[in-house]
Amino acid sequence: MSALLSVQSLVAGYGGVAIIEDINLDVAENEISVIIGPNGAGKSTLLKTIFALTARSEGTISFAGKDISGLKTSQLVPLGISMVPQSRNVFPTLTVDENLDVGTYAAPPKDKEAVRENVLSLFPDLRDKLGQAAGELSGGQRQMVAMGRALMSEPKLLLLDEPTAGLSPAYLEIIFDLLLDIRKHGVTILMVEQNAKQALRIADNGHVLVSGRNFISGSGESLLNDDAVRRSFLGGAAA
Ligand SMILES: Nc1ncnc2c1ncn2[C@@H]1O[C@H](COP(=O)(O)OP(=O)(O)O)[C@@H](O)[C@H]1O
Ligand SMILES: [Mg+2]
């Protein structure tokens with residue numbers, strides 16, 4: 001099957017300075033793909049470039065067989081791409097319900113109520129917090145709000161930047177289980193994760209980004225068992 005997302009020879013950065021260089025990456029439909037790598041490697045820049053939040057200077061990005069390289073973020077959402085940024089990813093003074101509603105603005109669903117029900121069925125913890133300000137929730141619950149908001153546009157591809165950053169190990173498990181549930185709903189996932197070992201365990205494929213370049217790609221399992229990857233990026237211990 002051809003890839004849902006295909007990134008070819010991508011170069012991007014800030015103010016004319018290239019941060020990511022010659023990135024090639026394919027994400028197949030309905031897979032979970034994980035990008036790992038050291039701080040400052042350009043992982044967030046890569047996700048933001050796919051979502052047209054950072055300027056691409058070279059290369060192409062295709063989605064569902066269509067060249068989307070020149071499109072704006074507001075055009076990508078109706079096509080079926082959604083993103084949860086790395087941090088400060090909820091509107092703290094808006095209620096949980098209002099945060100979810102914001103997720104419909106760029107691509108209003110036909111049946112908003114049905115989509116909202118669908119999202120709440122994934123995050124039942126949010127049901128009795130709908131009227132509460134998102135800023136009052138715990139970090140894990142805020143992450144659920146951010147993910148829920150991103151799902152309100154019914155994406156085919158969900159981009160997630162470090163969804164477990166700052167969360168307790170218990171919440172990490174919960175979020176990773178949720179990602180598996182979200183995938184079961186037919187959503188393809190491309191995410192950046194610092195908790196590399198755990199992320200590779202649930203991933204179909206992984207990509208190790210170093211200094212803006214793709215150091216190695218492979219199945220989650222093959223990366224977990226790769227000596228060089230283990231030594232440099234997974235803390236050395238056996239998978
Ligand atoms: N808005 C920005 N303007 C200028 N430089 C940036 C900006 N965002 C990130 N950078 C730089 O780009 C590099 C990669 O950052 P980032 O993509 O956030 O890495 P990662 O997510 O892998 O930690 C870093 O050197 C960072 O300082
Ligand atoms: Mg980052």
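This is a predicted model: local features need pLDDT of at least 70, side-chain atom pairs count only at pLDDT 80 or more; totals for chains, interfaces and linings use all residues.
Local features rest on residues with pLDDT of at least 70 and side-chain atom pairs on pLDDT 80 or more, while totals for chains, interfaces and linings use all residues. Residues are numbered from 1 along each chain as its sequence is written, chains are lettered from A and ligands numbered from 1 in the order in which they are written, and side-chain values use heavy atoms, with hydrogens and water left out.

One sheet is open and built of 6 strands in the order β6-β7-β8-β3-β9-β10, with mixed pairing; here helices (H or I, at least four residues) and strands (E, at least two) are DSSP runs numbered from the N terminus, and two strands pair if DSSP finds at least two bridges between them. Because β6 and β10 (213-219) each have a single partner strand, they stand at the edges, and one side of each is left without a neighbour in the sheet. From one strand to the next the twist averages 15 degrees, where axes are lines fitted to C-alpha atoms, for helices over the stretch in contact, and angles between N-to-C directions run from 0 to 180 degrees. Within this sheet, β3 (residues 32-36) and β8 (residues 188-192) are paired in the parallel sense over 4 bridges, and I35 stands opposite V192 in β8. Helix α1 packs on the sheet, touching β3, β6, β7 (157-161), β8 and β9 (205-210), and its direction makes about 150 degrees with that of β7; contact here means heavy atoms within 4.5 Å. Helix α5 (residues 139-151) lies across β6 and β7 and runs at about 165 degrees to β6.

Another open sheet has 4 strands in the order β2-β1-β4-β5, and its pairing is antiparallel. Its edge strands, β2 (17-27) and β5 (66-67), each pair on one side only. Strands β1 and β4 run antiparallel and are joined by 7 bridges, with V11 standing opposite E58 in β4. The antiparallel pairing of β4 with β5 extends over 2 bridges: D67 in β5 is the bridge partner of S62, and F63 stands opposite K66 in β5. The hairpin of these two strands has 2 residues between them, and A64 takes a positive phi near 50 degrees there. Helix α1 also lies across β1 (5-14), β2 and β4, running at about 115 degrees to β1.

Strand β4 (residues 55-63) contains R56, which is partly exposed with a relative accessible area of 32%; buried means under 20% relative accessible area, exposed over 50%, and partly exposed in between (1.4 Å probe, protein chains only). Although R56 and L10 are 46 residues apart along the chain, their C-alpha atoms are separated by 7.2 Å. Beyond its neighbours within four places in sequence, R56 is in contact with residues including L10, V11, A12, T49 and G70.

The magnesium ion (ligand 2) is coordinated by S44 (OG) and Q86 (OE1) at 2.1 to 2.4 Å; donors are N, O and S atoms within 2.8 Å of the metal (3.2 Å for Na, K and Ca), and water is not among the atoms, so sites may look incomplete. This pair links distant parts of the chain, with S44 in helix α1 (residues 43-50) and Q86, 42 residues apart from it, in the loop between β6 (81-84) and α3 (96-102). S44 is buried, with a relative accessible area of 19%, whereas Q86 counts as partly exposed at 35% relative accessibility. The loop between β6 and α3 also holds N89, which is buried at a relative accessible area of 8%. Leaving aside neighbours within four places in sequence, N89 is in contact with V84, R142, Q143, A146 and R149.

The largest nonpolar core has 46 residues, and those with the most contacts inside it are F123, M147, L158, L179, I182 and M191; such a core is a set of buried Ala, Val, Leu, Ile, Met, Phe, Trp, Tyr and Cys residues joined through side-chain atoms within 4.5 Å. Helix α6 (residues 169-184) contributes the largest share of this core, 7 residues. Another core, of 28 residues, lies apart from the largest one, and among its members are A12, A41, F63 and I81.
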